[in-house]
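Please keep the sequence and the model in view while reading.

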Amino acid sequence: METMPPTATPTTLPENVRRTPPPTWLVTLLVCAGQFLVVLDVSVVNVALPSMRTGLGLSELGLQWVVNAYVITFAGFMLLGGRVADLFGRKRIFVVGLALFTLASLAGGLAQESWHLIAARTVQGVGAAILSPATLTILTTAFPAGPARTRAIATWTAVGAGGGAVGGLVGGVLTEYLSWRWVLLINVPVGALVLIGALLWLSESRRGEGRRLDLPGALLVTAGLALVAYGIVQTESAGWSSASALLPLVAGLLVLIAFVAVEARTKAPLMPLTLFRLRSVYAANSAMVLAGAAMFSMWYFLSLYVQNVLDYTPLEAGLSFIPHSLSIVLGSKIAPRLMNRTGAKTLAVAGALVSAAGMFWQGRMGADGTYLGTLLGPGILMAFGAGLTATPIASIATSGAAPSDQGLVSGLINTSRQMGGALGLSVLSTVAATRIESGHGGPAAMAHGYGLAFQVGTVILLASVLLMVLALPRRPEDAHHA
């Protein structure tokens, strides 16, 4: 699943860190390679999940947390990662984040127990959150404002979209011909090469604004969302009224309330609450949470369906997603041009409706499905619509913010998508598991369970469309109005 670039502001380098800059093509290569690894690992494990379950004896709950552990920590710590890079230096934080990500990949690839893998994925997410915000700010310091910087950012965005799109194929090839472990171990040699290049050629930069680190805020928001997600997935086995589900849900909500209280009082908050007075910010982020909750789960359930029901090999599963991947890249590439003609709000609504149509179609799948009749058409619609939707929502989110808040608001919209995806996966997995259990397992029950997840996802996506229609500002001048 691809991430959206935060908009960085120009940086003035202190005299003591200026030196002869490296070639701009080399800077672009290094930071884009780092971003590619980060985004790839959101989706690369999906095809390997059945093999991971067999190899480590993972439960359905464990499978969800192989995905959620990465996504939740990635999104929860991303805003903190940007602050840390500003305070301690972009190159230094890039190196620290990449090293942490690479070591966690090694640990995950060598995992001997299910909890080893989930712990490694958690640390991977923290490393990704530290690394990702530094990649674009390093890139913008290497290019002057203007067309050159715009092209560099476009390259960075395309690499991110590509990483999310090819994850299924890469995961399928590695799982089929090597082992599920290589979907994580492949990061080690690539990460080491990028790390060496960063140490040798990247230049240091920082803003030096003297802002203190809001570590309590990052820990609270991540812990709160993790507890809520855990409570939701507990309902699969214990039910919504059980203490094992209600206690973490209530605890998570209390922790999130504590996060809001901390942010309201701290002098340098991780997330200034005044930003939510902007209509563009609260409306776009709310829409992104709902859209992400529906769209993110697409790859997860399709991977399970084609392998558990249609008996695809991991390689066949990865190859089957190539049209989906191309569709989401195509949607992302043409979205800016369409925005100029239709407006951001209209395009966001249209894209979500296209994706919802694909989800409704996909929800009708059964145990006797075929690739051409069951997967190709709805998959293209879902992915193309997702590509069309993300860019205009991000554009609206940043349209009303002050220039000094552009990067923060862009990071927030990306966090909203990731968190919406994690929580949506928890809810839809519970829905699917309940239907599968009531049907006593088997291919037919699994197909109906996965289909129900897509049907519920359709409803969630239509709710996001309604929110977009009612709340998103149509014109930039409306973005400031509540």
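## Aromatic pairs and the nonpolar core

Y450 has a relative accessible area of 4% and is therefore buried, a word that here means under 20% relative accessible area, with exposed meaning over 50% and partly exposed in between, for a 1.4 Å probe and protein chains only. This is a predicted model, in which local features need pLDDT of at least 70 and side-chain atom pairs count only at pLDDT 80 or more, while totals for chains, interfaces and linings use all residues. Residues are numbered from 1 along each chain as its sequence is written, and side-chain values use heavy atoms, with hydrogens and water left out.

A search of the whole structure finds 4 aromatic pairs; rings of Phe, Tyr and Trp (its six-membered ring) pair if their centres lie within 6.5 Å, and planes under 30 degrees apart count as stacked, over 60 as edge-to-face and the rest as tilted. Two of these pairs are set out below.

| Pair | Centre to centre | Angle between planes | Class |
|---|---|---|---|
| Y70 and F74 | 5.7 Å | 55° | tilted |
| F301 and Y450 | 6.2 Å | 45° | tilted |

The pair of F301 and Y450 links distant parts of the chain, since F301 belongs to helix α12 (residues 297–309) and Y450 to helix α18 (residues 442–471), 149 residues apart. Helices are DSSP runs (H or I, at least four residues), numbered from the N terminus. F301 is also buried, with a relative accessible area of 2%, and ring pairs join Y300, F301, Y450 and F454 into a cluster. By contrast in setting, Y70 and F74 both lie in helix α3, 4 residues apart, which is about one turn of the helix. Y70 counts as buried at 0% relative accessibility, and F74 likewise counts as buried at 0%.

The largest nonpolar core has 128 residues, and those with the most contacts inside it are M52, F94, L117, F301, Y305 and Y450; such a core is a set of buried Ala, Val, Leu, Ile, Met, Phe, Trp, Tyr and Cys residues joined through side-chain atoms within 4.5 Å. Leaving aside neighbours within four places in sequence, L117 is in contact (heavy atoms within 4.5 Å) with residues including M52, V66 and W180.

S114, found in helix α5 (residues 114–142), counts as partly exposed at 24% relative accessibility. Beyond its neighbours within four places in sequence, S114 is in contact with L56 and L58.

Note on methods: Helices (H or I, at least four residues) and strands (E, at least two) are DSSP runs, numbered from the N terminus.
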